[in-house]
Number of protein chains: 2
Amino acid sequence: MASTHDRLYLPGPVEVAPEVLAALATPMIGHRSAAFGALYERVQAGLRWALSTEQPVYLVTASATAVWEMAVRSCVRERCLHLVNGAFSSRWAKTTACNGKQADRIEVPWGRANRDLDALREALATGRYDAVALVHSETSTGVLNPLEAIAQVVAEFEDVLLLVDAVSSGTTLPIEPDRLGIDILLLGVQKALGLPPGLALCVASERAHARAETISNRGYYLDLLEFRARHARHQTPTTPAIPQIYALERQLERMRAEGLEPRYSRHAQLAERTRAWALERGFALFPESGYEAVGLTCIENTREIDVNALAGWLQQEHHMVIDRGYGKLRGKTFRIGHMGDMTLEDLEALLERIDTWLARAG
Amino acid sequence: MASTHDRLYLPGPVEVAPEVLAALATPMIGHRSAAFGALYERVQAGLRWALSTEQPVYLVTASATAVWEMAVRSCVRERCLHLVNGAFSSRWAKTTACNGKQADRIEVPWGRANRDLDALREALATGRYDAVALVHSETSTGVLNPLEAIAQVVAEFEDVLLLVDAVSSGTTLPIEPDRLGIDILLLGVQKALGLPPGLALCVASERAHARAETISNRGYYLDLLEFRARHARHQTPTTPAIPQIYALERQLERMRAEGLEPRYSRHAQLAERTRAWALERGFALFPESGYEAVGLTCIENTREIDVNALAGWLQQEHHMVIDRGYGKLRGKTFRIGHMGDMTLEDLEALLERIDTWLARAG
């Protein structure tokens with residue numbers, strides 16, 4: 001297995017530890033049983049710790065994309081202001097629009113951060129917005145938006161909720177949703193949490209629930225208030241992805257053993273090493289300086305290498321999978337994910353192989 | 001493990017075979033990779049066979065509940081007629097309403113089948129309905145609705161789509177969605193398919209897609225047209241529950257080895273045996289005669305036994321889990337699920353234990 005398994009260096013899904021994979025295979029239990037309630041409570045305690053929150057953390061059996069829809073259907077009455085700077089923030093805005101809500105945008109070119117706080121303040125001062133929606137770490141471009149500064153501006157406007165996608169940032173660095181006043185914080189599990197896909201997480205504030213109470217047509221499957229009602233009974237509204245919850249429980253134990261601060265340091269070290277490596281090799285970083293994501297590095301192909309050939313060689317010869325660039329950036333960039341359980345040794349093994357290829361490609 | 005694991009005789013989640021559980025732990029792959037495309041195609045071929053359809057079978061990372069929402073958001077313009085006779089059919093109607101669509105009902109008491117074809121025809125003749133929504137096997141009451149007769153009536157009305165929940169019926173008996181003109185057929189995987197929860201299936205007709213093209217505010221996560229677009233590339237719109245797809249692949253191989261007809265026969269035999277056992281012991285069946293589900297039996301507690309005590313004893317002493325009755329039927333009924341991989345031997349082991357308890361309880 002070790003020799004033929006393709007090791008993932010993707011910005012999600014990421015490589016999953018064998019013992020976490022094994023936890024998926026725990027025999028099933030009924031989701032209305034006492035055993036499930038106990039599992040739910042254990043996982044809640046772990047998630048509150050891992051995500052630095054006292055708020056409930058809902059287990060949504062879906063991709064994180066679904067929680068975009070959950071956030072806007074439950075928290076946006078009419079109009080949402082989307083900070084857009086890449087494929088995912090753009091798709092969130094589209095999701096809002098195709099749910100019949102107005103989705104206005106403050107948009108900057110791919111590679112730039114949404115850091116024009118004056119424009120944000122001016123837009124919110126119109127009083128037209130129910131919420132601001134923001135992708136913290138834009139996985140398509142590797143840009144990290146200045147969440148704390150944005151949150152401070154949003155906090156100046158009492159009725160504006162803050163909806164944050166932390167899909168490729170959550171647990172790579174501290175976020176503190178309660179202190180920042182984040183009303184919806186959403187994560188997938190197949191990225192920084194180092195788990196297999198099939199579950200998403202939603203941290204929801206009291207204000208988010210209060211807002212939902214004023215909004216109709218929230219739907220059923222992704223209704224914030226249904227999650228709250230079942231959460232009080234240590235349950236999910238509908239049959240959950242029990243295998244992923246067992247894996248989450250196991251991974252939270254492993255995260256406790258590592259500790260949050262060491263986990264943040266490890267991720268910082270992986271990101272610094274990848275950035276330094278890229279710059280030393282004569283590549284540029286795609287994100288503007290000072291706004292690079294921690295969970296992945298998006299490298300601009302300034303050396304005009306054949307990214308397809310590199311990625312194909314890595315996979316065929318070394319069973320290592322990197323990303324060839326998202327959408328319109330395909331080949332013009334390549335992305336290395338360094339989230340979850342990755343170690344510096346894992347990363348060095350990849351970089352060494354790329355160096356070998358670059359030396360041959362001349 | 002064998003001695004302490006609680007064996008599930010629930011109407012879902014059901015007991016899962018160890019080799020299917022083990023398939024969950026297959027190492028992850030990227031969901032935009034060639035390897036995923038090949039997995040997707042293999043699973044499609046298996047599902048078209050298992051569900052007797054030539055239509056695409058979408059893999060929805062969600063509970064089956066979400067596909068109720070998918071069906072009504074993509075296929076109902078204004079008004080849906082719901083055939084209601086239990087908790088699940090009622091909740092589907094509520095789901096339609098809380099998505100801002102009109103949900104009218106033809107409702108009969110719990111335990112009865114929706115078999116008033118004249119009432120159905122009369123309602124549809126008003127021309128007010130975009131679709132009829134029906135739960136084939138009402139898991140809360142163990143009632144099997146006469147799908148074929150209902151489908152024939154709906155087929156008399158050209159513009160009316162037929163939306164069918166086959167969550168606890170699909171693969172326990174033949175359904176043939178293409179022949180019956182079913183436009184949306186939805187299943188969960190944690191019931192008759194014998195898999196762990198976390199994935200739902202949606203068979204969609206060409207008419208369903210054509211209808212979706214005329215409807216706005218379909219949302220994104222559960223939009224039928226997004227599924228069709230990605231299906232053409234052997235992908236899902238968003239990151240799927242890859243572990244469950246590996247388990248599904250394995251289970252489809254096992255189903256092929258058994259064969260569909262033997263599988264239907266086995267399920268029929270399990271249902272007949274459970275019904276005969278209940279009647280011989282002086283219980284009644286909760287469903288009206290002739291409309292009993294195949295995947296589960298809902299037994300009316302006419303002997304007024306202490307269902308809680310029975311279920312508790314079965315679990316504590318024998319590690320067997322049965323259901324104590326759904327919602328308002330708790331204690332007034334109890335339910336035995338006999339879906340998925342269950343054998344007659346498995347079932348007899350349970351019934352023997354219940355007989356022991358009944359003899360002691362006098």
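Which helix of chain B holds B:Arg266? The place of B:Arg266 is helix H11, residues 260–280 of chain B. Helices (H or I, at least four residues) and strands (E, at least two) are DSSP runs, numbered from the N terminus.

## About the model

This is a predicted model, where local features need pLDDT of at least 70 and side-chain atom pairs count only at pLDDT 80 or more, while totals for chains, interfaces and linings use all residues. Residues are numbered from 1 along each chain as its sequence is written, chains are lettered from A and ligands numbered from 1 in the order in which they are written, and side-chain values use heavy atoms, leaving out hydrogens and water.

## Chain A as a whole

Let's step back to chain A, which has 13 helices and 14 strands. Its radius of gyration is 20 Å, close to the 21 Å from the globule rule for 362 residues, so chain A is as compact as a globular protein of that length. (The radius is taken over C-alpha atoms, and the rule is 2.2 Å times the number of residues to the power 0.38.) Along the principal axes, the C-alpha atoms of chain A fill a box of roughly 65 × 55 × 35 Å.

Of the 362 residues in chain A, 65% are buried. Here buried means under 20% relative accessible area, exposed over 50%, and partly exposed in between (1.4 Å probe, protein chains only).

## Two residues up close

Back to B:Arg266: is this residue buried or exposed? With a relative accessible area of 13%, B:Arg266 is buried. Leaving aside neighbours within four places in sequence, B:Arg266 is in contact (heavy atoms within 4.5 Å) with B:Glu258, B:Gly340, B:Asp341 and B:Met342.

In chain A, look for A:Cys80 in strand S3, residues 79–84. A:Cys80 counts as buried, at 0% relative accessibility. Beyond its neighbours within four places in sequence, the contacts of A:Cys80 include A:Thr96, A:Tyr129 and A:Leu163. A:Lys101 is 21 residues from A:Cys80 in sequence, and their C-alpha atoms are 7.4 Å apart in space.

## Where the chains meet

How many residues of chain A are in contact with chain B? There are 47, and they meet 47 residues of chain B. The area buried between the two chains is about 3500 Å², with carbon and sulfur atoms giving 65%. Buried area is the accessible area (1.4 Å probe) that two parts lose on being put together, summed over both. A:Met28, A:Tyr220 and A:Tyr221 supply 17% of the area that chain A buries against chain B, more than any other three residues.
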